[in-house]
Amino acid sequence: MKRLLIIIFPISMMLFVAACGSGEEREKTSSEKESLSLTEDQKKYYLETGNKITAAVFSVLSGELMGAMQADGVQGAMAYCNLQAYPLTDSLSNEFDAHIIRLAERYRNPDNRLQTEMDRKVFEEYDKMDADRLPTAERVKLAGDKSVIFYKPIPLQPQCMACHGPKSAIGEENLAYIRELYPEDKAINFAPGDLRGMWRVEIKLRTDL
Ligand code: HEC
């Protein structure tokens with residue numbers, strides 16, 4: 001009996017390890033399938049469109065934000081880190097039939113918290129990534145049968161520190177003002193390169209591609 005156990009135990013351990021391994025495999029292929037069920041042409045279109053939209057919005061937003069900081073100081077510029085402040089967001093939404101938002105785990109405005117299971121999964125993946133991989137970690141995912149979601153990480157840059165850095169970079173008075181406007185604020189203590197949040201652009205599925 002003892003000898004039998006000596007033989008059976010290692011075999012069952014091997015089976016157990018193999019089963020765990022294939023479990024991981026199965027997990028991987030099912031999450032890959034979300035993007036695999038888009039054709040290559042569709043995937044390329046949504047990657048390009050998502051990148052085009054987010055680059056355009058970001059360049060206007062950061063330009064105006066920096067201008068407002070110089071003209072009116074940090075408190076005067078507070079409203080400029082909000083996509084709704086820009087007519088460009090609206091016009092791109094109309095042009096591409098898209099819904100453009102930014103989401104974050106440590107949010108300033110609670111409207112920007114992670115919303116769906118897919119948001120959380122993608123954010124978690126970004127959160128574990130090395131900083132140098134973030135700029136090219138766009139993802140496109142099929143959402144139901146009517147739309148595609150484009151995700152892209154938003155790393156913190158040095159010029160964001162005045163409002164998202166540590167207390168020493170923000171200043172007591174500005175921090176008090178932020179807390180007044182956003183009592184739930186969690187968006188401080190970031191450093192350049194940290195994952196600040198992510199773009200989420202939901203674009204209507206095109207069947208002609
Ligand atoms: C003048 C202050 C200020 C600066 C500078 C600033 N932000 Fe913000 N940021 C805010 C405010 C205020 C909000 C909340 C906007 C809203 O109500 O939707 C915000 C929101 C965000 C959000 C949305 C998620 C959330 O937390 O609500 C992201 C992402 C973000 N900022 C990234 C950046 C990045 C990246 C930079 C630098 C390029 C930057 N911010 C610079 C004040 C600032």
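In the side chain of Tyr 182, an N or O atom lies 2.7 Å from an oxygen atom of the ligand, which is a polar contact in the sense of a pair of N or O atoms within 3.5 Å. Asn 112 likewise places a side-chain N or O atom 2.7 Å from an oxygen atom of the ligand. For Asn 109, the distance from a polar side-chain atom to a ligand oxygen atom is 2.9 Å.

Before I continue, a word on the source. The model is a predicted one, in which local features need pLDDT of at least 70 and side-chain atom pairs count only at pLDDT 80 or more, while totals for chains, interfaces and linings use all residues. Residues are numbered from 1 along each chain as its sequence is written, and side-chain values use heavy atoms, with hydrogens and water left out.

Let me turn to the surroundings of the ligand. Which residues come nearest to the ligand? They are Cys 81, Cys 160, Cys 163, His 164 and Arg 196, out of 20 residues around it; a residue counts as near if one of its heavy atoms lies within 4 Å. By class, this shell holds twelve nonpolar, five polar and three charged residues. Here Ala, Val, Leu, Ile, Met, Phe, Trp, Tyr, Cys and Pro count as nonpolar, Asp, Glu, Lys and Arg as charged, and the others, Gly among them, as polar.

The ligand takes up the space of the largest pocket. A pocket is an open set of points on a 1 Å grid over the protein atoms alone, where a 1.4 Å probe fits, with protein on both sides within 12 Å along at least five of seven lines; a molecule sits in it if more than half of its atoms lie within 2 Å of its grid points. The elements that give two or more residues to the shell around the ligand are helix H2 (40-77) and helix H5 (161-164). H2 gives the most, with five residues.

Next, the fold. The chain has seven helices and four strands, taken as DSSP runs of at least four residues for helices (H or I) and at least two for strands (E). Along the sequence, the pattern reads α-α-α-β-α-β-β-α-α-α-β. Of the 209 residues, 36% count as buried, that is, under 20% relative accessible area with a 1.4 Å probe and protein chains only, where exposed means over 50% and partly exposed lies in between.

The largest nonpolar core has 32 residues, and those with the most contacts inside it are Tyr 46, Ile 53, Ile 100 and Val 201. Such a core is a set of buried Ala, Val, Leu, Ile, Met, Phe, Trp, Tyr and Cys residues joined through side-chain atoms within 4.5 Å. H2 supplies the largest share of this core, ten residues.

Finally, the loops. Asp 97, in the loop between H3 and E1, has a positive phi near 55° although it is not glycine. Is Asp 97 buried or partly exposed? Asp 97 is partly exposed, at a relative accessible area of 48%. Asn 189, in the loop between H7 and E4, also has a positive phi, of about 70°, without being a glycine. Its relative accessibility of 49% makes Asn 189 partly exposed. Gly 193 is also placed in the loop between H7 and E4.

Notes. Polar contact = N/O pair within 3.5 Å; in protein donor to acceptor, adjacent residues only side chain to side chain. 1 Å grid on protein atoms, 1.4 Å probe; cavity = no way out; pocket = protein on both sides within 12 Å on 5 of 7 lines; lining within 4 Å.
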